[in-house]
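Q: I am new to this structure and would like to learn how its features are read. Could you take me through them step by step?

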Amino acid sequence: MIDVHDLAKQYHIGDHVVHALRGVTMSVAAAEFLTIVGPSGSGKSTFMHILGCLDRPTTGRYVLNGRDVSTLPGDELARVRNETIGFVFQGFNLLARTSALENVELPLLYTRHGVVRAAERRDRALAALDAVGLTDRAEHHPSQLSGGQQQRVAIARALVTQPSLLLADEPTGNLDTSTSHEVMEIFARLRNDRGITIVVITHERDIAAYGTRTVDFRDGLIVSDVPNPFDSRLPRNARESLAQGKSA
Amino acid sequence: MRALLRHPVVNTAIKALGRNRLQTGLTMLGITVGVATVLAMMAVGAGAQRSIEQQVRAAGLNQITIRAGNWRPKVDESEAAVAHQGDARDSLRHPLERLRGDVLPIAFHPEDDPMEKHDHPTARQRLGDLEAGLGSAATMTFDDAEALRKLPGVQYVAGGIHENVRVYLDKKRWFTRMHGTDVMMPSIKRAWTFTAGRFFTEREQDRSSQVIVLGQVVADRLFGVGANPAGEEVTLWNQPFEVVGVITSATWVVQPAPGDDQFDAVYMPYTTTQRLLNLSKLNDITVTAESSGDVSRLSREITKLLRVRHGIGDNEADDFTLITQATKALTTGGLPPSVARAVASNVAELEKVTLEQLALTMERASRTMTWLLAAVAAVSLLVGGIGIMNITLLSVTERTREIGLRMAVGARRRDVMRQFLVEAVVISAAGGLAGIIVGVIASVGIARTLQWATVVSPLSMLLAFGVAAAVGVFFGWYPARRASQLDPIVALRRE
Ligand SMILES: Nc1ncnc2c1ncn2[C@@H]1O[C@H](COP(=O)(O)OP(=O)(O)O)[C@@H](O)[C@H]1O
Ligand SMILES: [Mg+2]
């Protein structure tokens, strides 16, 4: 699914050079659930932006689904973001004064076939909202939703184009503990049910434990990369839901 | 339209504009003023063309008068005699020319010895009852008028009887011209407007009612300036008449003056005149041509028709006289009448010459007006455009995160660009629509206050709207481009 080789990213601030990434090499297989941890400023977000085709590496190669995307032109990257990748942000980034349904429809305005027609947009957005259990909130505006619900709308938006890769940068950073776990369970279920590859950045160890594998960033480099024994560190309810997902 | 408004891009733009309603409104205002001015400008330009035609009609260039009898005024070849020949020639004279010594007696209009100064032939003279007919019978009838009405190319027909009368209001009196005429007259006299009341009606004409319309001069003299005489009663020939309206000039070219034939005059149904004076014939019939370029042809047709109707043999002279404004214009042009007559009969399309002269004058005036409006339009469109740029920049700044998000979910740079261009165009288009409405109203206003015909064509509306949209695209370009050049990551981080 993902192959990165010697990925480096430098930022120039005046004559000062910041090395955000200093040569990252790794791969993520399809249907893996990768969690990324590491101290602030260690390059996690930079790495994810490159994975999400929002940014290009200074040097190194990024192969996504067998295609080298590190040098694609802007419009091609936009198409990859639209079709292959779903984003979830810490701050939700929902459009205010716009219904949950319309928020979820947003990526369908930018498909390779242009704007998807209204009826189909609605159907697909409702299906995505159903996947996060929010069908009954479709007409609500973000201000009428709790933080957890807003993040679920954001996940539905990321899902609506049926991407194979879901990227989330600290998706639980603005949520309390119990809603954080609800959100992580949704990710786990999406991976189990649909085989979506998931990459989540987090600060918290118990959130990272949802991954099948955790990498640790330090100063622009991966310092540890370990598979998670998926059972022991999971909270009980999460374990149950995962078990249900697997048997279904 | 509805589908367009619901299109996500347009819908988003409208929603975004709703956030800064006041700024959007003010920005729109600039475009509205600009487009309204553009429209008014085109309306004035196009109207100038029609104005020529209208002024021409007001001047009566499409008018043909057929007088009963082959009556010729006792013309000496002197200019003074020409001036006294008849009301029609006088009314066409240039106002300054009228002030010249030879015509002053008429302008002063003294009542003491009116018949001598008002040198009009009386109805009886012109009907041929006395010496006037030069051997021909009194011939012009209502049936002739009806027959002329059926000629192709004829617009209006009005029969007329004319007299000098004293109009009394209690002890006040005024010596003036009386026109027994047809209800059609206001349509023929396009340069008329009513300061009070109305013209008499068809019903009143059919019943030969004793109703009367006063010219402004008569109304002012009898009732005082600014009075409303409608509904009052005046006396003519010892008969009571109800005043139903007052007419005055609708153009600044002609002002009512004592002694003129139109506004120092009173009008009543010709049927009433016929009844009270026991007349069965008409003095004249006035015909207007649908097109002023058609007057010569129509004149020939009328002559032919009337000759047949009156049973005039090939070698006999007409028993009527045909007068067009073109021939009149020539006779007032300083030419001796004999020469004028000779020229008029040889220049068939004479009216076109006169048209061209009028067109030139109008064109000059319209050019000045057009430049003025163009300047206003340019300034307001520029101000409006800068407003659009400003509000679109504001929108881009406010919605930077949204732009980043849209890019993250797949929007290409051109999608973002399109979004903000549409936003700019929505403002300018809405301003443009409002501008079209205001422009149409302004054009009507110009037409009313300046007596300047304005023509708002669908094409000019489309053009004005196009200008508005173009302003939106032009001034929306820079902000839209700026939005599209944003780095998605930077945009997403922006608070
Ligand atoms: N746009 C940028 N310009 C300059 N420096 C940047 C930029 N983005 C990130 N950095 C720097 O790169 C380093 C890594 O940042 P980031 O990837 O956001 O870390 P993390 O997400 O792990 O906290 C930091 O030192 C940060 O200051
Ligand atoms: Mg970060």
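Q: How many residue pairs are in polar contact across the interface of chain A and chain B?

A: This is a predicted model, and across the interface of chain A and chain B there are 6 residue pairs in polar contact, counting pairs in which both residues have a pLDDT of 80 or more. On the side of chain A that touches chain B, helix H2 (residues 74–83) of chain A gives the largest share, with 4 residues. The residues of that side of chain A divide into 10 nonpolar, 5 polar and 7 charged.

Q: What area is buried between chain A and chain B, and how many residues does each chain bring to the contact?

A: The size of an interface is often expressed as the accessible area that is lost when the parts come together. Here the area buried between chain A and chain B is about 2,000 Å², and carbon and sulfur atoms give 58% of that area. Chain A brings 22 residues to the contact, while chain B brings 23 residues.

Q: How many salt bridges are counted between chain A and chain B?

A: Side chains of opposite charge can pair when their charged atoms come close. Between chain A and chain B the count is 2 salt bridges, and in a salt bridge between these chains the side chain of Asp75(A) meets that of Arg414(B) at 2.4 Å, N to O. Over all chains, the structure holds 24 salt bridges.

Q: Within chain A, which side chain meets Glu76(A) in a salt bridge?

A: The partner of Glu76(A) is Arg67(A), at 3.0 Å from N to O. Glu76(A) has a relative accessibility of 28% and therefore counts as partly exposed, and Arg67(A), at 39%, counts as partly exposed.

Q: Which parts of chain A does the pair of Arg205(A) and Asp216(A) tie together?

A: The side chains of Arg205(A) and Asp216(A) meet in a salt bridge at 3.5 Å, N to O. Because Arg205(A) lies in helix H7 (residues 205–208) of chain A and Asp216(A) in strand E9 (residues 213–218) of chain A, the pair ties together parts that are 11 residues apart in sequence. Arg205(A) counts as exposed, at 55% relative accessibility, whereas Asp216(A) is buried, with a relative accessible area of 9%.

Q: Turning to chain B, is Glu423(B) buried or exposed, and which side chain does Glu423(B) meet in a salt bridge?

A: Glu423(B) is buried, because its relative accessible area is 2% and the cut-off for buried is under 20%. The side chain of Glu423(B) meets that of Arg399(B) in a salt bridge at 2.6 Å, N to O. Glu423(B) lies in helix H20 (residues 413–450) of chain B and Arg399(B) in the loop between helix H18 (350–398) and helix H19 (400–408) of chain B, so this pair ties together parts that are 24 residues apart in sequence. Arg399(B) is also buried, with a relative accessible area of 3%. Salt bridges that share partners join Arg399(B), Glu402(B), Arg406(B) and Glu423(B) into one network.

Q: How many helices and strands are there in chain B, and what percentage of its residues count as buried?

A: Chain B has 22 helices and 10 strands, and of its 495 residues 52% count as buried. Among contacts in chain B between residues at least 6 apart in sequence, 78% join residues at least 24 apart. Chain B exposes about 23,000 Å², of which carbon and sulfur atoms supply 58%.

Key. Residues are numbered from 1 along each chain as its sequence is written. Chains are lettered from A and ligands numbered from 1 in the order in which they are written. This is a predicted model: local features need pLDDT of at least 70, side-chain atom pairs count only at pLDDT 80 or more; totals for chains, interfaces and linings use all residues. Side-chain values use heavy atoms; hydrogens and water are left out. Helices (H or I, at least four residues) and strands (E, at least two) are DSSP runs, numbered from the N terminus. Buried means under 20% relative accessible area, exposed over 50%, partly exposed in between (1.4 Å probe, protein chains only). Contact means heavy atoms within 4.5 Å. Accessible areas come from the Shrake-Rupley method with a 1.4 Å probe; for residues, only the protein chains shown count as cover. Buried area is the accessible area (1.4 Å probe) that two parts lose on being put together, summed over both. A salt bridge is a side-chain nitrogen of Lys or Arg within 4 Å of a carboxyl oxygen of Asp or Glu. A polar contact is a pair of N or O atoms within 3.5 Å; within protein, one must be able to donate a hydrogen and the other to accept it, and residues adjacent in sequence count only if both atoms are side-chain atoms. Ala, Val, Leu, Ile, Met, Phe, Trp, Tyr, Cys and Pro count as nonpolar, Asp, Glu, Lys and Arg as charged, and the others, Gly among them, as polar.
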